[in-house]
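Please read these points with the model open beside you. Find each residue as it comes up.

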Amino acid sequence: MNLTYTSITRLLSRYGSIVMLAVLVVLMSFTSKEFLTVHNLTNVVRQVSIFAIIGTGMTFVIITAGIDLSVGSLLALTSCVSMTVSTQPPGWTTWGSFQVGHWCPCRRSQRVVIAVSRSLPFIATLAGLTVYRGLSLVVTGGLPIIKLEGSFRFIGSGMIWGIPCR
């Protein structure tokens, strides 16, 4: 196979991120003996899992030529609402708290704003990012939520069949 500058450029533009990931893994494995251990790889997968889930949903948004800048803030708001509801009397169940966070009206408000005002999705979701982040601070009073019930603690630190849940 005759590799020319154009073919190399085409290969790198198509597979550049995979090549860079492989280069980084090789470099890190030479610089640190702990990098390729099971403990470290499990830790990396655990920390990246939430971004993988959000990224999967965002892929569909981007494929349809849309954009949503507020997903992280919306995740924070719905999590704060769920946790706050679970710690308030009369003591909601974990499933009930999840439902309250899931059906939070903020999830649909941006679609309504974009459709009614015919504003650009970039502007509407940028505003939503700020509003949702502020609302999450209002819901929690700017303080961490520490009185979690057992089910929420399990989701945050438990293991199912040896696979970490968090």
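The points below go from the whole fold to single residues.

1. **Ground rules.** This is a predicted model: local features need pLDDT of at least 70, side-chain atom pairs count only at pLDDT 80 or more, and totals for chains, interfaces and linings use all residues. Residues are numbered from 1 along each chain as its sequence is written, and side-chain values use heavy atoms, with hydrogens and water left out.

2. **Overall make-up.** The protein has seven helices and two strands. Along the sequence the order is α-α-α-α-α-α-α-β-β. Helices (H or I, at least four residues) and strands (E, at least two) are DSSP runs, numbered from the N terminus.

3. **Surface and burial.** Accessible areas come from the Shrake-Rupley method with a 1.4 Å probe; for residues, only the protein chains shown count as cover. Of the 166 residues, 19% count as buried. Buried means under 20% relative accessible area, exposed means over 50%, and partly exposed lies in between (1.4 Å probe, protein chains only).

4. **Contacts along the chain.** Take the contacts with a separation of 6 or more. Residues 24 or more positions apart account for 57% of them. A contact means heavy atoms within 4.5 Å.

5. **The nonpolar patch.** Which residues form a nonpolar patch on the surface? They are L3, I8, L11, L12, Y15, I18, V19, M20, V23 and L27, with about 910 Å² of accessible area together. Patches are made of residues with over 30% relative accessible area and no salt bridge; like charges are joined within 9 Å, and nonpolar side chains (Val, Leu, Ile, Met, Phe, Trp, Tyr) within 5 Å. A salt bridge is a side-chain nitrogen of Lys or Arg within 4 Å of a carboxyl oxygen of Asp or Glu. Look at I8 as one example. I8 sits in helix 1 (residues 5–31). Its relative accessibility is 39%, so I8 is partly exposed.

6. **The core.** The largest nonpolar core holds seven residues: L74, L77, V81, V85, C104, C106 and Y132. Helix 3 (residues 71–87) gives the most to this core, with four residues. A nonpolar core is a set of buried Ala, Val, Leu, Ile, Met, Phe, Trp, Tyr and Cys residues joined through side-chain atoms within 4.5 Å. Leaving out residues up to four places away in sequence, V81 touches V100, G101 and V139.

7. **Helix 4.** G101 comes up again here. In helix 4 (residues 94–102), T94, G96, S97 and G101 are buried. Why do they lie on the same side of helix 4? They do so because they cover an arc of only 160° around the axis. The arc is that of the directions from the helix axis to the C-beta atoms. An α-helix has 3.6 residues a turn, so residues three or four places apart point the same way.

8. **Helix 2.** I50 is found in helix 2 (residues 38–63). I50 is partly exposed, at 36% relative accessible area. From G55 to V71, 16 residues apart along the chain, the C-alpha separation is 9.7 Å. M58, in helix 2 as well, is buried at 15%. M58 and V71 are 13 residues apart in sequence and 8.5 Å apart, C-alpha to C-alpha. Beyond neighbours within four places in sequence, M58 contacts D68 and V71.

9. **T125.** Is T125 buried or exposed? T125 is buried, with a relative accessible area of 3%. T125 belongs to helix 6 (residues 121–140). Residues up to four places away aside, T125 touches I67, D68, L69, S70 and Q110.

10. **Two positive phi angles.** A65 is not a glycine, yet has a positive phi of about 65°. A65 lies in the loop between helix 2 and helix 3, and is exposed at 74% relative accessibility. R118, not a glycine either, has a positive phi of about 55°. R118 lies in the loop between helix 5 (106–117) and helix 6. At 75% relative accessibility, R118 is exposed.
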